Amino acid sequence: MGPTARDFPSGFLFGAATSAHQVEGGNDGCDWWAWERRGGAKDPSGAACDHYRRYPEDIALVKELGLGSYRFSVEWARVEPEEGRFDEGALRHYRDMVERCRELGVEPIVTFHHFTLPTWLSDRGGVLARDSSRLFARYCRTVAEALKGRVTWVLTINEPMVLVLMGYVQGVWPPGKRPASQVIKAARRLVSWHEEAFAAIRQVDPAMRLGIAKHWIDFRPLDAGDAMHRLGRRLQHQLFNRWYLDRVKSHCDFIGINYYARQYTTGLLRQVPLATPDAPRTEMGWSIVPEGLHLALTEASGYGLPLIVTENGIACRDDRWRIRYIDRHLAAVHEAIAAGADVRGYQYWSLLDNFEWAEGYRPQFGLVAVDLGTQKRTVRESARHYGEIARTGRLPDAID
Ligand code: GAL
């Protein structure tokens, strides 16, 4: 590959991502806070990274590293602490975050829903509450009004199928395990959440480009010679990767792809995270298969919409793993672009070490380490390395 063959298209958004509950701290009005108090996470989120107060420095860090975009989320529980009462201070806060990005030349990518719900809504059924789509659309309209004219890229919902899987099927996240009929209802409801939010936001600001952050798993049959393994692959791929997108694609201006791992199917709804002895695993136990990102982008291209990798990252102790992970996954993105995929950006997960849901604070995904006692930020070598790629818009000459 010659040097120019390593360049990304100009304007490609190299960035980093976070979500409100995982970094802000003190987010006591949401269902996750209550879930943590009932022992649902290894650590409570507590003060997290104190990002609600420290965002000006954190966004400055994004800039300093050489990154061009920052994906973050708006917290519904702060914006609407009681049903129908919108908090001007919270809305101003998120507007200020966007302004901070703008003044530094960092492109904001804003998620309106990233797993958490205000407790007033979860108390009366959450996603399954009869009028939850209307309530979500009203909240989105209010946020859109506050951010109007200042934001281009908006994700209505982060990983709807992960929410259904972890919350309703496995029950390790709120609201807790539910019968199959409610699982299906929740998935369908999240389709109408997006559709209604899309219409509401579009009305307020037609210039906002709206999408979904869709978690994509590279399913493979464990034994390609086994018919059940193959059937399992087809079914899981269809249900998990495609079902939701097939329904919302006509209400999207772009698709966000969150990719982490390959999983091997061993039955209709069964899978194992790792099967090949040569695929190393992250601290989360996820297999590292950059090729899966290439395949995801190539297939998702079939929807005919621009794509952004809205999450991809590794939890590890040895930062050299992160460098290798980023290089290899960016190379996979680059290959997908070379093969014709319209990929506009890549957001590494995560900017900061943060609250990893049920796993608490142990997994470290951050480009930047955070000392939870002092809130001191320490830039990792991988962040500098990634920043250099972002600044030059070019893959490193040697990828190990
Ligand atoms: C995603 C999720 C993020 C983060 C990440 C790492 O599924 O959107 O919030 O937790 O996984 O596990």
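Me: How far is an oxygen atom of the ligand from an N or O atom in the side chain of Glu159?
Reply: The separation is 2.5 Å, between an oxygen atom of the ligand and an N or O atom of the Glu159 side chain. A polar contact is a pair of N or O atoms within 3.5 Å; within protein, one must be able to donate a hydrogen and the other to accept it, and residues adjacent in sequence count only if both atoms are side-chain atoms. Before we go on, this is a predicted model, where local features need pLDDT of at least 70 and side-chain atom pairs count only at pLDDT 80 or more, while totals for chains, interfaces and linings use all residues. Residues are numbered from 1 along each chain as its sequence is written, and side-chain values use heavy atoms, with hydrogens and water left out.

Me: What are the distances from the ligand for the side chains of Glu311 and Glu356?
Reply: For Glu311, a side-chain N or O atom is 2.8 Å from a ligand oxygen. Glu356 has a side-chain N or O atom 2.5 Å from an oxygen of the ligand. As for cover, the ligand taken alone exposes 300 Å², and the protein buries 96% of that (Shrake-Rupley areas with a 1.4 Å probe; for residues, only the protein chains shown count as cover).

Me: Which residues around the ligand come nearest?
Reply: A residue is near a molecule if one of its heavy atoms lies within 4 Å of it. There are 13 residues around this ligand, and Gln22, His114, Glu159, Glu311 and Glu356 come nearest.

Me: How do the residues of the shell divide into nonpolar, polar and charged?
Reply: Here Ala, Val, Leu, Ile, Met, Phe, Trp, Tyr, Cys and Pro count as nonpolar, Asp, Glu, Lys and Arg as charged, and the others, Gly among them, as polar. On that scheme, the shell around the ligand has six nonpolar, four polar and three charged residues.

Me: What is omega for the peptide bond from Pro174 to Pro175?
Reply: Omega is near 10° there, and the bond is cis. Pro175 lies in the loop between α8 (160-169) and α9 (180-204). Another cis bond runs from Trp349 to Ser350, with omega near 15°. Ser350 lies in the loop between β9 and β10.

Me: Where is Leu352 found, and is it buried or exposed?
Reply: Leu352 is in the loop between β9 (343-349) and β10 (368-370). It's buried, with a relative accessible area of 0%. Leu352 and Gln364 are twelve residues apart in sequence, and their C-alpha atoms are 8.3 Å apart.

Me: Which backbone oxygen does the side chain of Ser132 reach?
Reply: The Ser132 side chain reaches the backbone oxygen of Val127, at 2.7 Å. Ser132 is in helix α7 (residues 132-147). Its relative accessibility is 0%, so Ser132 counts as buried.

Me: Why does Arg141 count as partly exposed?
Reply: Arg141 counts as partly exposed because its relative accessibility is 31%. Arg141 lies in helix α7. Val162, by contrast, lies in helix α8 and counts as buried at 10% relative accessibility.

Notes:
Helix = DSSP H or I, 4+ residues; strand = E, 2+ residues; numbered from the N terminus. Buried < 20%, exposed > 50% of the residue type's maximum accessible area, 1.4 Å probe, protein only.
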